[in-house]
Amino acid sequence: MKKLFIITILCVFFTTGFTARGFAGPTAFEVVRKMDTREDGDTLTTDTLMILINKNKRKRIRNIKNIRKDYGPDTRGIIFFLSPADVRNTAYMSYEWDDASKEDDSWLYLPALRKVKRIASADKSGSFMGSDFTYSDINGIKINDWDYTFIKENVKERGFDTFVVRGLPKKELKEKVLKETGYLKTVMWIRKDNYMLVKGKYWVKKGHKIKYFKASDIKKVDDIWTACKLTMVTTKKGKVTHSSVLKFSNIRYNTVIDDATFTTRRMERGL
Amino acid sequence: MGKIRISKRPWLFGLVFFLWFALAQAWPGLAVSAGADNQLITEDDPKGFEDGFEDNDPFEEIDIDALTKENVQNQDGKFLVGGFIEIESEYAFHKNDEKLSGLKPLLFIETEYKINENYKVKASGQAFYDMSYDIEAKDNNKGSNLDDEKKAFGLKDFYLDGKMGDIFSVRIGRQIIAWGDSDYARITDVVNPRDLTSPGLTDLEDARLPVAAFRLSAFFNAWSFDFVTVHEHPGSKISGKGSDFDYYTLLRSPVILINDKHTPDSGIKNTSFAFKATHAFNGGDISFVAADTFDDKPFLSYDGPANGIMVFTPEYGRIITYGVSASLAKGSGLFKFETAFTRDKKIMRNDVLANISSGLDNSLIKTTSSKNQVSSLAGVEYTGFTDLRLSFEAQLIHTLNHRAFLSVDENEYLTYFKATKDLLNETLELALFWVFMNPGQGNILRLSGTLDIFDALSVGAGMVFYDAADLSSDLHPYKDRDRVFIRVKYSF
């Protein structure tokens with residue numbers, strides 16, 4: 001159970017897609033908003049390989065099956081853990097509501113207990129399955145809680161033009177943002193052609209750490225821009241303490257997924 | 001090691017907890033004080049960031065391509081097999097009972113065969129042999145019957161699971177059906193019996209015992225329904241004579257003989273029924289349960305005297321349960337409520353031996369009295385601290401129309417507290433579990449830690465303390481059973 005208490009649906013980072021469009025002088029907030037609202041399909045299924053690497057380069061590997069479906073502005077998702085053996089058949093399900101007044105609903109199925117239980121998932125600053133990604137990294141942050149400014153409006157990143165945007169929590173929301181994300185500040189590299197987040201830096205209050213993010217293997221899948229590999233590295237005093245890689249395969253958008261997939265009974269049945 | 005007497009120094013419970021909690025909370029804080037770099041925290045110069053990537057690229061040593069090829073799972077496999085091998089050792093360290101109390105290799109295997117998209121068969125089984133019984137010659141005592149605790153070989157799950165359209169599904173065979181919102185108490189979780197042989201030592205994962213059952217489930221929007229028939233009634237597993245945790249240890253005497261338990265047979269007339277309706281809504285779930293099942297705990301029937309010895313047999317009564325269970329999530333808290341009305345529960349009388357000794361005719365000897373009970377529980381889980389989970393549950397069992405001759409109090413209380421801290425990117429878990437019984441009736445405290453050496457191999461260790469100063473406490477006979485344990489587990 002310990003590995004799985006706070007987990008959520010892998011969707012925002014790797015379902016990023018946006019048809020390239022022209023723009024004229026967007027503000028930093030508009031750039032972030034375009035990044036946040038990119039097309040990501042009505043449904044998604046994918047296999048995910050999570051690799052956790054500690055400072056001694058020892059690796060731990062998790063295999064995950066991820067299924068997501070949009071219900072209008074709301075989203076339902078379910079994750080099945082395929083390996084390692086001690087978490088096999090564990091499942092996590094969430095209903096994410098667009099209505100800000102509603103908290104997300106989350107359930108966890110623990111095969112060892114054969115029990116589905118609801119879980120509280122408000123704290124999004126916790127580690128996602130022991131990785132360097134947090135709940136808020138995976139689910140996405142509330143962009144309206146932040147002030148954004150351009151650091152540079154045109155920087156080449158792996159051959160592509162990017163905006164470099166600094167994000168700081170709004171003064172009146174600083175404590176709330178800190179509780180939800182754990183971050184004091186972010187810097188993001190956002191590609192100009194498709195508004196994908198390709199690089200990032202995150203200042204973490206707890207432990208005084210800095211995290212570096214990189215999206216790579218970016219390509220169109222079913223006509224949707226998708227990053228197939230995400231890396232997050234945690235550093236302390238400039239030295240790497242831990243890093244995590246999410247690698248996606250068998251990505252399929254807009255397939256038919258029946259509603260019975262997102263039920264507690266399905267969590268018990270497994271894949 | 002082993003001379004701590006928690007029962008005589010209850011404040012040690014609090015001290016141990018405080019030290020444990022402080023250590024768990026301080027871990028990241030200590031790291032900060034040892035190596036904080038506050039300059040980095042206020043840095044916002046992207047030039048420095050660029051330099052960081054180019055001169056000391058934090059991503060440069062991450063090459064996962066080979067790993068990817070090796071480790072992507074085959075999703076379409078029809079046949080899956082897995083399991084684990086575990087070596088578990090326990091040592092009783094109390095000065096009055098110092099010995100090797102467990103040395104158990106255990107093999108667990110589970111398989112799954114997917115017949116098609118909608119149907120699959122699952123089977124799992126385990127085998128173990130506790131060598132400490134031979135080493136300590138524990139089962140050499142006359143009359144001891146410890147085979148079930150010493151060794152086991154058999155099926156756990158064995159069922160066919162089917163999905164019929166978008167609404168219905170069935171599961172037929174030996175299975176575990178876990179109901180209720182409490183993690184610990186058995187209030188509306190009425191289908192499966194439990195393993196009560198080693199209180200405090202048995203992991204929650206191993207507590208429920210599978211039974212042969214038929215389960216039909218249906219989903220309609222936010223409602224789900226389960227109808228269950230149960231065809232096997234083994235009762236909860238209890239320790240026998242000679243065990244450290246002998247269930248009837250208070251009754252053992254040269255003039256009392258307690259036979260092996262007599263469980264209901266699996267005939268049609270003994271079929272049990274259980275029904276649950278659950279409604280999921282934003283922020284919570286609520287379930288309504290009705291069941292007609294056998295009590296998981298036995299009562300003793302009096303068989304009469306034989307050669308001057310009073311003979312009793314553990315049997316199981318049928319009970320009716322109506323219950324409600326709910327959980328509500330708010331912020332970082334999960335609030336849990338559970339209550340059940342139980343009808344016709346056979347409760348042991350405390351005047352049985354006196355009545356027998358007084359020469360009352362055997363036909364007039366009553367060992368039990370049927371009473372109705374209300375069991376209620378409230379609890380909360382809090383996850384607002386990073387990598388720390390706190391869980392608290394308080395249970396009240398109220399016996400209606402209580403009489404002085406009953407062996408239970410009119411109101412019995414049980415309190416459960418658990419704290420779990422994850423460290424080192426969830427490779428190390430520290431846990432504290434504390435069960436607090438009626439005031440003065442005793443406590444069980446368990447401290448444990450599990451370290452993942454690598455994905456497949458973990459090592460766990462811990463200590464369990466039993467505190468029961470009150471002679472009338474159910475725990476009192478076990479007050480000297482304090483344990484230290486270590487477990488090595490390899491999963492495959």
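This report covers the fold of chain A and some backbone features in chains A and B.

The model is predicted: local features need pLDDT of at least 70, side-chain atom pairs count only at pLDDT 80 or more, and totals for chains, interfaces and linings use all residues. Residues are numbered from 1 along each chain as its sequence is written, with chains lettered from A and ligands numbered from 1 in the order in which they are written.

Chain A holds four helices and 13 strands. These are DSSP runs numbered from the N terminus (helices H or I, at least four residues; strands E, at least two). The C-alpha trace of chain A spans about 55 × 40 × 35 Å along its principal axes. The radius of gyration of chain A is 18 Å, which agrees with the value near 18 Å for a compact globule of 271 residues. That rule is 2.2 Å times the number of residues to the power 0.38, and the radius is taken over C-alpha atoms.

In chain A, 57% of the 271 residues count as buried. Buried needs 20 or more other C-beta atoms within 10 Å of the residue's own, exposed 12 or fewer, partly exposed in between, with C-beta atoms placed from the backbone.

Ser83(A) and Pro84(A) are joined by a cis peptide bond, with omega about 5 degrees. Pro84(A) sits in the loop between β3 (74-83) and β4 (91-96) of chain A.

Two residues other than glycine have positive phi.

Asp222(A) is partly exposed, with 13 other C-beta atoms within 10 Å. Asn307(B) is exposed, with 6.
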